[in-house]
Amino acid sequence: MHPNSQTPIISTILLNWNRADLLEKTLESYLSTIRTPFELFIIDNASTDTSRDVINRITEQYPNVSAIFLPENQGGKAFNVALPLCRGRFIHFSENDLEYLPGWDAYVLRAFEDFPKLGQLSLFAPVPTDEEVWELKPASLKHRNGTIIYEAHQNVGTSSVIRAELVARGLRFDNIVGDNGVLFPNDGKFSYDIKQQGYLVAWSHHYLVNNLGHYGEEIENRLNYYRQTYDGKNWLKVEKLQRRFEEWKQKPRPQRRSVLFPDDPVLPEKSEPTRECPEPQLWSMFDGWTAEVETLEFLYSLVRLVKPRYVVETGTWHGFTATAIGQALKRNGRGRLVSLEIDADSVAVARKRVQQHGVADVVTVLEQSSLTFTPEEPIDFLLLDSALEIRE
Ligand SMILES: C[S@@+](CC[C@H](N)C(=O)[O-])C[C@H]1O[C@@H](n2cnc3c(N)ncnc32)[C@H](O)[C@@H]1O
């Protein structure tokens with residue numbers, strides 16, 4: 001049964017203003033990926049291109065998709081028009097320049113279930129992808145039951161999911177009026193209001209959508225459109241966009257794929273630049289706590305080279321280093337790893353990963369502090385990767 005014939009869990013409000021080709025991509029990818037019962041309201045902010053044709057084609061096809069054509073552009077406030085109609089437990093605000101990726105809704109539901117105080121979840125991760133002309137957003141990792149989110153130190157953008165209870169408490173979108181009169185959704189105030197209610201505002205673990213409107217190629221192809229909108233954003237300005245765009249063009253293009261974990265999503269490293277490491281985004285990460293993809297590959301090679309019998313690791317976390325070491329030990333044909341972790345949640349996640357990668361016979365994950373551990377024999381290879389204070 002297509003998820004459109006049941007009571008909605010997710011109510012999506014998609015705000016459109018021109019760029020009909022991107023709207024079409026957004027709608028098609030949304031409809032082909034959503035597996036959760038949903039309803040979709042498309043609000044058109046008085047577009048002047050062929051958007052209406054695209055929207056009508058979709059509403060004719062899907063009974064739970066409806067459209068509201070506004071006679072004039074109301075800016076970000078237009079989202080509010082559909083709020084009284086929404087029946088879902090979660091309200092999802094979508095821009096019209098996204099490509100939804102399989103599994104996005106499952107991750108969203110899991111995150112809201114695992115974090116009862118999560119109020120707003122962005123569909124983006126805190127680190128821009130290589131395709132995006134965008135910047136790193138300061139954030140801190142939070143985890144539960146193996147689900148990772150990044151608490152936003154500031155606000156997240158418009159494309160996000162919130163709990164419907166926030167709307168019942170009066171949450172609404174406001175506008176920011178740009179220098180040139182263009183009306184933008186006031187994302188900053190929106191996230192601020194959510195935080196004021198005692199809720200958490202966060203980025204996702206990885207990109208749940210491709211953020212096509214930030215892609216360098218897209219900006220290059222539709223330069224006038226973006227010049228006009230960015231020029232209205234007095235906090236951003238076209239010069240800043242130009243600078244970001246020039247930087248983006250010069251950037252190296254690393255292949256973001258792990259040799260050891262090819263199926264796990266990888267993004268550029270999330271650390272801020274420092275004097276010692278001025279270009280951290282050249283490295284790739286799975287999440288903000290796991291060793292970088294490059295470090296894992298180095299570790300694997302080291303274990304292959306050293307041929308240890310008894311390996312100990314402190315700080316298993318979600319088991320990537322343990323699995324990498326385990327794979328090397330198996331190839332070596334001898335040796336075992338004991339990995340120590342104090343967090344019960346992480347132990348469960350790590351054991352599952354170790355199992356799935358077929359290295360459980362050489363890797364033992366113990367729920368124990370490294371500070372109380374006594375090795376059973378002389379250690380040939382030791383990886384200290386627990387809390388920084390303990391390691392130093
Ligand atoms: C940086 S993460 C480890 C990353 C992991 N080695 C990897 O790259 O796949 C640090 C982990 O150390 C754990 N930890 C902190 N103090 C610990 C202790 N005293 N004993 C064992 N684990 C500890 C934390 O719970 C956290 O999961």
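Leaving aside neighbours within four places in sequence, with which residues is Ala 360 in contact? Contact is defined here as heavy atoms within 4.5 Å. On that criterion, and with those neighbours left aside, Ala 360 is in contact with Val 354 and Gln 355.

The structure is a predicted model, in which local features need pLDDT of at least 70 and side-chain atom pairs count only at pLDDT 80 or more, whereas totals for chains, interfaces and linings use all residues. Residues are numbered from 1 along each chain as its sequence is written, and side-chain values use heavy atoms, with hydrogens and water left out.

The secondary structure of the protein consists of twelve helices and 19 strands. Along the principal axes, the C-alpha atoms of the protein fill a box of roughly 75 × 45 × 40 Å.

Of the 392 residues in the protein, 51% are buried. Buried denotes under 20% relative accessible area, exposed over 50%, and partly exposed the range in between (1.4 Å probe, protein chains only). The protein exposes about 18,400 Å², of which carbon and sulfur atoms supply 50%. Accessible areas come from the Shrake-Rupley method with a 1.4 Å probe; for residues, only the protein chains shown count as cover. Among contacts in the protein with a separation of 6 or more, 77% are accounted for by residues 24 or more positions apart. The mean positions of the 43 positive and 54 negative charges lie 2 Å apart. In this count Lys and Arg are positive and Asp and Glu negative, while His and the chain ends are not counted. Each charge is placed at NZ of Lys, CZ of Arg, CG of Asp or CD of Glu.

The domain assignment gives domain 1 (3–248) and domain 2 (293–391), with bounds that come from an automatic or database domain assignment. The centres of domain 1 and domain 2, taken over C-alpha atoms, are separated by 40 Å. Six residues from domain 1 and six residues from domain 2 take part in the contact.

Several positions were examined individually. Ser 51 is placed in helix α2 (residues 51–61) and is buried, with a relative accessible area of 0%. Not counting residues up to four places away in sequence, Ser 51 touches Asn 16, Asn 18, Ala 20, Leu 23 and Asp 44. Asn 80 occupies the loop between β3 (65–69) and β4 (90–94). The relative accessible area of Asn 80 is 17%, so this residue counts as buried. With residues up to four places away in sequence not counted, Asn 80 touches Arg 172 and Phe 173. Ala 168 belongs to helix α4 (residues 164–168) and counts as exposed at 72% relative accessibility. The C-alpha atoms of Ala 168 and Leu 83 are separated by 9.6 Å, the two residues being 85 residues apart along the chain.

Thr 295 lies in helix α9 (residues 293–306) and is partly exposed, at 34% relative accessibility. Thr 295 and Ser 29 are 266 residues apart along the chain, with 35 Å between their C-alpha atoms. Lys 307 is found in the loop between α9 and β16 (310–314) and is partly exposed at 36% relative accessibility. Although Lys 307 is a residue other than glycine, its phi is positive, near 55°. A positive phi of about 50° is also found at Trp 317, which is not a glycine. Trp 317 is located in the loop between β16 and α10 (320–332) and is buried, with a relative accessible area of 8%.

Ala 360 itself is located in the loop between α11 (344–356) and β18 (363–367). With a relative accessible area of 33%, Ala 360 is partly exposed. Ala 360 and Ala 322 are 38 residues apart in sequence, and their C-alpha atoms are 9.9 Å apart in space.

Note on methods:
Helices (H or I, at least four residues) and strands (E, at least two) are DSSP runs, numbered from the N terminus.
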